[in-house]
Amino acid sequence: MNRRLLLGAPLGIALLGGGAFYAMLKGLAKGTFDPRGVPSQLIDKPLPAFTLPGFSHADVVAEKKPVVINFFASWCVPCVEEAATLMTLRQRGVSVWGIAYKDKDPQTDLYLSRHGNPYARLAHDNEGRVAIDWGVTGVPETYLIDAQGIVRWRFVGPLPDAAVAELVKMASV
Amino acid sequence: MIRILALLAALLLVAPAWAISDPAEALPDPAQEARAVQIGQQLRCLVCQNESIEDSGADLARDLRKIVRQHVAAGENEAQITQWMVARYGDFVRLRPPVNWMTSLLWASPVIALLVGGGLALGLRRRSPPPPPLSDEEQRRLARLMES
């Protein structure tokens, strides 16, 4: 009995480890697992209080409907990539608000006139301090805040076109 | 030639440039600065993920260093500052992961390796039969070797 347990334990651990490794590889292939990803701590939590030139926490809550908030910057190349996707979101009736991260106001304006402005409202986080309170690690990063001011969803990197349908569904609740 | 040598010699006099730590970043109190460095070395830079914020040249790491120093200057201890970071970036921000059920396998792995290795060694030792006694030929050879 004791002997069987001794032999079985390492085998069991090896099996468990192998299974976990397989699941990780599967997740990597499907894109559901990112070992470098920093999971958001805000999901299903109220949006942290903030006040920026442009809009504040109170404005988001006063909207009384879901808002998509997108961190971007004029110096950010992948942001250009998702500009069209954000525009589509806006055309489909989603409130898309923008926060310019570590940018200079004139450059933000230039960027928006060049690549189109999908944002219903625009705020400037030129110091990047509000972004840290949200747990932002870079731009672009996109959040969905529901009508009660609770963060429901976050995406790191340029929004793929495939995210539009899902976001429209989530934002129209 | 002389000029080049002089220039090369002048290079030796140049003080080494500290890669990242901008002296303007440091706290005026050396004791507080030392504490800030110690805390920062335990925090992961979220951009270049295998470096601490003290080692990283990333913009975000510089901002986080600044925040650590503000909190140290305000008299907060390491646990409070780490908690502040974890609240925003999760346990991933800690270079030394906390012990909980998610990290139990990680922390237990040295013990598991020792048990598996020890078990295998013991098992193999017990299983191997004792060596057969020396034959007459071997006995004679041994005697010869011992004499010489």
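Reply: Let us begin with A:K102, which is called buried because 20 other C-beta atoms lie within 10 Å, and the cut-off for that word is 20 or more. Please keep in mind throughout that this is a predicted model.

Me: Where is A:K102, and what is the phi of this residue, which is not a glycine?

Reply: A:K102 sits in the loop of chain A that runs between β2 (95–101) and α4 (105–115). Its phi is positive, at about 50°, although A:K102 is not a glycine. Most residues other than glycine have a negative phi.

Me: What makes A:D44 buried or exposed?

Reply: A:D44 has 10 other C-beta atoms within 10 Å, and a residue counts as exposed if that number is 12 or fewer, so A:D44 is called exposed. The residue belongs to the loop between α1 (2–30) and α2 (57–62) of chain A, and it too has a positive phi, of about 65°, without being a glycine.

Me: Why is A:P160 called exposed?

Reply: A:P160 has 12 other C-beta atoms within 10 Å, and since the word covers 12 or fewer, A:P160 is exposed. It is found in the loop between β5 (151–156) and α6 (163–171) of chain A. From A:P160 to A:G98 there are 62 residues in sequence, while the two C-alpha atoms are 17 Å apart in space.

Me: How do you know that the peptide bond between A:V139 and A:P140 is cis?

Reply: The omega of the bond joining A:V139 and A:P140 is about -5°, and the bond is cis. A:P140 itself lies in the loop between α5 (129–134) and β4 (141–145) of chain A.

Me: What makes chain A more spread out than a compact globule?

Reply: Chain A contains six helices and five strands, which follow one another along the sequence as α-α-β-α-β-α-β-α-β-β-α. Its radius of gyration is 21 Å, whereas the globule rule gives 16 Å for 173 residues, so chain A is more spread out than a compact globule. Along the principal axes, the C-alpha atoms of chain A fill a box of roughly 75 × 30 × 30 Å. Buried residues account for 33% of the 173 residues in chain A, and of the contacts between residues at least 6 apart in sequence, 75% join residues at least 24 apart.

Me: Why is B:L7 called exposed?

Reply: B:L7 has 9 other C-beta atoms within 10 Å, and with the limit for exposed set at 12 or fewer, B:L7 is exposed. It lies in helix α1 (residues 2–13) of chain B. B:L7 and B:N100, which are 93 residues apart in sequence, are 58 Å apart in space, C-alpha to C-alpha.

Me: Why are α2(B) and α3(B) called oblique to each other?

Reply: Helix α2 (residues 30–40) and helix α3 (residues 59–73) of chain B pack at an angle of about 130°, and their axes are 9 Å apart. Roughly perpendicular covers 65 to 115 degrees and roughly antiparallel needs over 145, so α2(B) and α3(B) are oblique. Their crossing is right-handed. In this contact, B:Q32, B:R35, B:A36, B:I39 and B:G40 of α2(B) meet B:R65, B:V68, B:R69, B:V72 and B:A73 of α3(B), a set made up of five nonpolar, two polar and three charged residues.

Me: How many residues of each chain take part in the contact between chain B and chain A?

Reply: The contact takes 14 residues from chain B and 14 residues from chain A. On the side of chain B, α3, α4 (78–89) and α5 (104–127) each supply at least two residues, and the residues of that side divide into eight nonpolar, three polar and three charged.

Technical notes: Residues numbered from 1 in each chain as written. Chains lettered and ligands numbered in written order. Predicted model: local features only at pLDDT ≥ 70, side-chain atom pairs only at ≥ 80, totals over all residues. Axes fitted to C-alpha atoms, helices over the stretch in contact; angles between N-to-C directions. Helix = DSSP H or I, 4+ residues; strand = E, 2+ residues; numbered from the N terminus. Parallel < 35°, antiparallel > 145°, perpendicular 65-115°, else oblique. Left-handed = near helix turned anticlockwise from the far one by under 90°. Contact = placed C-beta atoms within 7 Å. Nonpolar A, V, L, I, M, F, W, Y, C, P; charged D, E, K, R; others polar. Rg over C-alpha atoms; globule rule 2.2 N^0.38 Å.
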